[in-house]
Amino acid sequence: MTVNDVMLRVVDALEQANIPHMLVGSFSSNLHGIPRATEDVDFVIQLDAPLTAEFGRLLGEDFEPELQLSFETNTGTQRQEFRVKGTEFKAELFRLSNDPFDQQRFQRRQLYEAAGRRLYFPTPEDVIVMKLRWAREKDKADVHSVIAVKGGKLDWPYIESWCQRHGTLAKLEEIRRTVPEI
């Protein structure tokens with residue numbers, strides 16, 4: 001099983017359960033930027049209640065749920081993990097939070113072609129804003145790659161507005177200065 005297989009199995013289960021979702025994390029930065037390897041698949045899901053045992057059955061026996069929900073400090077929301085037996089792969093499903101940016105990012109999600117399917121992803125602008133909130137080294141590299149690929153096509157006032165609100169504008173400018181002009 002590949003990480004793409006994991007992603008598609010989770011998408012299928014979410015769609016069968018009628019749970020609104022979008023792919024985030026490295027899958028979204030890979031779509032809009034320069035791809036990098038990953039062993040996890042991250043989703044934002046719109047769901048108020050915990051995922052049920054039925055959802056686990058939809059995923060299949062290969063997936064082991066983490067029984068405890070964990071709190072994600074960057075997004076201020078809860079997440080549930082599903083590990084794939086016998087592999088390093090996992091799927092993390094983050095609940096859509098009440099954070100204004102999180103809400104807007106989910107409303108702005110768009111269908112893109114990936115892995116032979118039409119899947120929901122955040123816009124490249126929203127990938128940049130979110131990755132700057134996380135600001136780990138790999139997230140900064142992802143921001144750099146999205147800017148390098150999409151640069152002139154990005155809605156910079158939108159990005160700068162959210163970065164100003166989140167206190168990440170200096171990080172954005174620091175990364176932006178390192179991207180060569182195309």
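The model is predicted, and local features are taken only where pLDDT is at least 70, side-chain atom pairs count only at pLDDT 80 or more, and totals for chains, interfaces and linings use all residues. Residues are numbered from 1 along each chain as its sequence is written, and side-chain values use heavy atoms, with hydrogens and water left out.

**Cores**

The largest nonpolar core has 27 residues, and Met7, Phe43, Phe55 and Leu93 have the most contacts inside it. A nonpolar core here is a set of buried Ala, Val, Leu, Ile, Met, Phe, Trp, Tyr and Cys residues joined through side-chain atoms within 4.5 Å, where buried means under 20% relative accessible area, exposed over 50%, and partly exposed in between, with a 1.4 Å probe and protein chains only. Two or more residues of this core come from each of α1 (3-16), β2 (40-45), α3 (53-59), β5 (77-84), β6 (90-95), β7 and β8; these helices (H or I, at least four residues) and strands (E, at least two) are DSSP runs numbered from the N terminus. The largest share, eight residues, is given by α1. Apart from this core lies another, of 19 residues, with Ile128, Ala148, Trp162 and Cys163 among them. In soluble globular proteins, nonpolar side chains tend to be buried together.

Phe43 touches, among residues beyond four places away in sequence, Met7, Val10, Leu14, Leu23 and Leu93, to name some of its partners; such a contact means heavy atoms within 4.5 Å.

**Strands β1 and β2**

Strand β1 (residues 21-24) is covered on both faces, with His21 and Leu23 buried on one side and Met22 and Val24 buried on the other. β1 and β2 pair in the antiparallel sense over four bridges, two strands being counted as paired if DSSP finds at least two bridges between them. The bridge partner of Met22 in β2 is Val44, which counts as buried because its relative accessibility is 3%.

**Pockets**

A pocket, on a 1 Å grid over the protein atoms alone, is an open set of points where a 1.4 Å probe fits, with protein on both sides within 12 Å along at least five of seven lines, and lining residues have an atom within 4 Å of a point. A volume is the space filled by probe spheres set on the points, which are joined across faces, edges and corners.

| Largest | about 350 Å³ | Val24, Gly25, Asp42, Trp134, Arg136 |

The lining of the largest pocket divides into seven nonpolar, six polar and 13 charged residues, and α5 gives the most to it, with five residues. The lining of the second largest pocket has seven nonpolar, two polar and four charged residues, with four residues, the largest share, from α6. In these classes Ala, Val, Leu, Ile, Met, Phe, Trp, Tyr, Cys and Pro are nonpolar, Asp, Glu, Lys and Arg charged, and the others, Gly among them, polar.

**Two loop residues**

Most residues other than glycine have a negative phi. Ala115, in the loop between β7 (110-114) and β8 (117-121), has a positive phi near 55 degrees and is partly exposed at 41% relative accessible area. Ala135, in the loop between α5 (124-134) and α6 (137-150), has a positive phi near 55 degrees and counts as buried at 17% relative accessibility.
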